[in-house]
Amino acid sequence: MSASTAVLRAELRLLLREPFSLFWIVAFPTVLLTILGLIPAFREADPDLGGRRVIDLYVPVNVLLALLMAGIQVLPPVLSGYRERGVLRRMSTTPVRPVSLLAAQIVLHLAAALASVLLVVAVGRIAFDVALPGQVPGYLLALLLAALSALALGAAVTAVTPTTKSTTVVGSIVFYPMMFLAGVWLPVQAMPDLLRHVVEYFPFGAASQALDQAAGGSWPDWAHLGVTAAWAAVLIAAAARWFRWE
Amino acid sequence: MPIIEVNGLRKVYGDRPVVDDVAFAVEEGEIFGILGPNGAGKTTTVECLGGLRVPDAGTVRVAGLDPRADRAELTRILGVQLQESELQEKLTVREALELYSAFYPDPADWRGLAERLGLTARLNARFGKLSGGQKQRLFIALALVGRPRVVILDELTTGLDPRARRDTWRLIEEVRDSGVTVVLVTHFMEEAQRLCDRIAVFKQGRVAALDTPDGLVRRSAGGTVISFAPSRSLSDEDLAGLPEAATIERRNGHLTVHGTDTTVNAVISLLARRQITAHQLRVTDSTLDDAFLELTEEQEH
């Protein structure tokens, strides 16, 4: 077994030992979707939404929520804790570079978020008759870019905060506006025009538009994909620039 | 050729040099002790050896490798036990040993190491649930699991009970006997005296002395101490005639003489000549403790 595989396997076991983390990433978005779907009015066609139902809009929203949970809420305190407790430092004296530990954590949180995405889409389809994404490649591309943004934002939060405590606090502060941008309180597509045009320039607002378009069967606007990709690039650069190993 | 060479090593934090012009060489297969008060620069020095810190000046070579530039080769032959490093809270002892074994090309059998370090009963325990001594023993196992040529142990037996400490000492001696070079940072004089072939005494970022444990003791003023309660009191004249006696002390009918082996022999023959019995006779060497305190005390006088 190669060293990187061994690290990945050990970190997978550790993630599976964190029931609360798994709940927030994998279960919570589907729970929220189910609660919203149980409200009868949300299952009726709404002329203001061009004949779509509120629950149709909330499938992409909860997909984004899964990414935000993994990237911003759960991942940063883990990375920060590894740094603060000297786990990275200890590993840096072995032939394995500590970056492989960070990479393993990022990959595993991404995998947990994608499992959550599948669950949200499946429950949406089975329980509430929400159509499956119409433009699958476009959907996957938007999903990938949004996931990169969420993980990079989490890594950037870890980079600029020195302790596990401050990482948790800053992560939570960042988490709420990101949920707003993703449309958790009010789907981006239901926002007033002016607000929507502003939100579209922020990472998860643009991703929300892209996912919604792809779900509806058309190729997402390149502008939305471009904005999401640009934010991902900026955040990755910021995380790489400011991350400290100790 | 020495396996570790340090020359002109300097490390400054802010404007305070914590390591200042340190030089020493460690021969292959020896246990080299680094001794010194808190803040003397011991840990910073071994962190430079392990490639964790970049020296501000000077050169460090471990097995001919530069710890920073040749990191990949160095980490394969170097085992490290650090202060202030922990493992993942929920990783079990077994998982930690398996994980670290997977890092090295030709690892030791971790089960044997766990057995030697008394960890077998705790293999399924999570790191966070281990006692301080158990964590310490796990760190020692992880430092050795890669079959290193050089192992750095920073505060080896801190947190261990006396039995575990002695078991650990035996293990380290066996490790040395198998040809591994050991650099040992320690606070315990008994440990340094028992284990180290040579010791560098650090003081304020510099090497204040470098010698064998016996050599350090011999250098100290204390030398050999003989104490006893004579059955009849000895005359001042007789006592004044003792060769190489540094100090003579009488207290409550007890006599204590600091001197050398020659002094001890002279005292014994004097007692025989005067037919005086010595009760509670003790002859002790001045210890490494004494030598250490002498070497590291502030030289204000």
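1. Domains of chain B. In this predicted model, chain B splits into domain 1 (4-218) and domain 2 (221-285). The C-alpha centres of domain 1 and domain 2 of chain B are 43 Å apart.

2. The sheet. Chain B carries an open sheet of 6 strands. Pairing is mixed, and the strand order reads β5-β6-β7-β3-β8-β9. At the edges sit β5 (78-81) and β9 (206-211) of chain B, each with pairing on one side only. From one strand to the next, the twist averages 15°.

3. One strand pair in detail. In chain B, β6 (residues 150-154) runs parallel to β7 (residues 181-186), and 5 bridges join the pair. Within β7(B), B:V183 is the residue opposite B:I152.

4. Helices on the sheet. Two helices of chain B deserve a look here. Helix α1 (residues 42-49) of chain B packs on the sheet and touches β3 (31-35), β6, β7 and β8 (198-203) of chain B. The direction of α1 makes about 155° with that of β7(B). Helix α5 (residues 132-144) of chain B also packs on the sheet, where its contacts include β5 and β6 of chain B. The angle between the directions of α5 and β5(B) is about 170°.

5. The contact between chains. Chain A gives 18 residues to the contact and chain B gives 20 residues. On the chain B side, α2 (71-77) and α3 (93-101) each supply at least two residues. By class, the chain B residues that touch chain A are 11 nonpolar, 4 polar and 5 charged.

How values were computed
Residues numbered from 1 in each chain as written. Chains lettered and ligands numbered in written order. Predicted model: local features only at pLDDT ≥ 70, side-chain atom pairs only at ≥ 80, totals over all residues. Contact = placed C-beta atoms within 7 Å. Helix = DSSP H or I, 4+ residues; strand = E, 2+ residues; numbered from the N terminus. Nonpolar A, V, L, I, M, F, W, Y, C, P; charged D, E, K, R; others polar. Domains from an automatic or database assignment. Pairing = 2+ DSSP bridges. Axes fitted to C-alpha atoms, helices over the stretch in contact; angles between N-to-C directions.
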